[in-house]
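I opened this notebook to keep track of what I looked up, going from the overall layout to a pocket and then to the aromatic rings.

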Amino acid sequence: MSNAALARIATAQAAVGAQYLKAGRYRLEVQSIRTKDGFKGLSAIAEIKVVTSERTQPTTTEPTRAGLIASYVENLSDSKKNGGGRFKAFLMALAGAEEHEVTPDFIAKFTEAKQAGAFLLVDCDVFPKTLPEKDGRPGKVIEGYRWSNVSPTDAELAAIESKRAAAKLPPLADALA
């Protein structure tokens, strides 16, 4: 193997393969939110931990199991595909925000160092969604996401603050300021 190939492997970011949510109903805990400019363009990525899951489809597909870390990824490069709009819906549900509140400054609080969304809870229904037929070929089946806000109890809020402190993140109020 050439020295150039060895150098590229050594300096590359390790790829472990992403795990995605399967059809089901979930309570999720956000681990981190970030953006990344990769080979498929600019993406928004939320790493989420499954707190609870239940089956919603009468198929043999089991939902993603509790305890697993999964990725919610939307490509932001093609505005016609509306990945930004879907990620905006996720942020709105996570923060309990109205659409007009989701500004670039608001989004930065969640994607940059203060990680305002870290350890917050969000509910999600993942369901099969069939895309329209294209060029005479049947529509592809993908996962659709329906996000819902979770208002944490006092005990959940205390746990969120404890996890933020352990991760050396600022208190939630400071991260949102």
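For the order of elements I took helices and strands as DSSP runs, a helix having at least four residues and a strand at least two, numbered from the N terminus. On that basis the chain, which is a predicted model, runs α-β-β-β-α-α-β-β-α-α from the N terminus on, and this comes to five helices and five strands.

Among contacts with a separation of 6 or more, 57% join residues 24 or more positions apart.

I then turned to the second largest pocket, which holds about 200 Å³ of space. Its lining has eleven nonpolar residues, one polar residue and no charged ones, and it includes Leu-94, Phe-106, Asn-149 and Leu-172. Helix 2 (83–95), helix 3 (104–111) and helix 5 (172–176) each supply at least two residues of this lining.

Last, I asked how many aromatic pairs the structure holds. I found eight aromatic pairs, and in one of them the ring centres of Phe-87 and Phe-90 lie 5.2 Å apart with their planes at 55°, so I noted the pair as tilted. Phe-87 and Phe-90 are three residues apart in helix 2, which means that about one helical turn separates them, and both residues are buried. Ring pairs also link Phe-87 and Phe-90 with Tyr-72, Tyr-145 and Trp-147 into a cluster.

Notes
Residues numbered from 1 in each chain as written. Predicted model: local features only at pLDDT ≥ 70, side-chain atom pairs only at ≥ 80, totals over all residues. Heavy atoms only, no water. Contact = heavy atoms within 4.5 Å. 1 Å grid on protein atoms, 1.4 Å probe; cavity = no way out; pocket = protein on both sides within 12 Å on 5 of 7 lines; lining within 4 Å. Points joined across faces, edges and corners; volume = space filled by probe spheres on them. Nonpolar A, V, L, I, M, F, W, Y, C, P; charged D, E, K, R; others polar. Phe/Tyr/Trp six-rings, centres within 6.5 Å; stacked < 30°, edge-to-face > 60°. Buried < 20%, exposed > 50% of the residue type's maximum accessible area, 1.4 Å probe, protein only.
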